[in-house]
Every structure is written in structure tokens, then in C-alpha cells.
Amino acid sequence: MALALSAVGLAVAPGATAATPCPSGAVCIREANGTVLTKNIFYRYGAHNLSNVTGVRVIVNNQTGGAGFQICKGYNGTNCYPVQRYVGEYAPYDFTPINSVVLVR
């Protein structure tokens, strides 16, 4: 079953596995080579500004309790796409125009 991020065209990658797992309770952005940099592991609710995250990446929601995330074109959680709550890995997406990620309850 594919769940699309309607506004951005992200969808769950069926059967995909991460080269580096995203820790439980976090949202992670994987590099093109499959690794997850410490700076791209987010645990706290709220906005997280991105630095040098460009090109095609995979976002992973490994939060618990129904928590979700938003990707945003602006810094500090502005100009965001709809909240996504699917737990797992999303299809690769071009993060070049994305400047922040917001974790929501």
C-alpha cells in the first residue's frame, strides 16, 4: 500500500530497507549512499532547520504513538506540506527546496 504525500509526491517505498536504520522515536533523513548523519536525526517536536541537505534523499518516520512530520520550504517550519504519520520509509524525494522538518504529535 502506497501512501502519498499529496502536495509533494512522496510515497512509501514498498519493501525498501534502510542501509543505516533510523533510531526508534526519531525522524531521519538518509543520505544518497544510505547513511544517516547525526545532524539529520530528529527527536524533539517542533521545527528543525536543515543545513546542506540537497538532492534526492529518503525521509524515515520512526516515531511512536502516531507522531508525524512535515517537510517545509521555509526555515523554522514555514510554508509546510501536510503532516505525514505513516511509520516507515518514504520514496526518494528532492530535498533541494526543503529547508526545515517539523515533528508533530
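Which residue in β4 does V27 stand opposite? I looked, and V27 faces F42 there.

**Ground rules.** I am working on a predicted model, where local features need pLDDT of at least 70, side-chain atom pairs count only at pLDDT 80 or more, and totals for chains, interfaces and linings use all residues. Residues are numbered from 1 along each chain as its sequence is written, and side-chain values use heavy atoms, with hydrogens and water left out.

**Strand β3.** I took strands as DSSP runs of E with at least two residues, numbered from the N terminus. I called two strands paired if DSSP finds at least two bridges between them. β3 covers residues 27–30, and it pairs antiparallel with β4 (residues 36–42) over three bridges. Their hairpin has five residues between the strands, and G34 has a positive phi near 95°. β3 also pairs antiparallel with β6 (residues 56–61), this time over four bridges; I29 has I59 as its bridge partner in β6.

Next I checked burial (buried is under 20% relative accessible area, exposed over 50%, partly exposed in between, with a 1.4 Å probe and protein chains only). In a regular strand the side chains alternate between the two faces of the sheet. In β3, V27 and I29 are buried on one side, and C28 and R30 are buried on the other.

**Aromatic rings.** I searched the whole structure and got three aromatic pairs. Y86 and Y90 are edge-to-face, at 5.6 Å centre to centre and 85° between the planes. Here rings of Phe, Tyr and Trp (its six-membered ring) pair if their centres lie within 6.5 Å; planes under 30 degrees apart are stacked, over 60 edge-to-face, and the rest tilted. Ring pairs join F69, Y86 and Y90 into a cluster.
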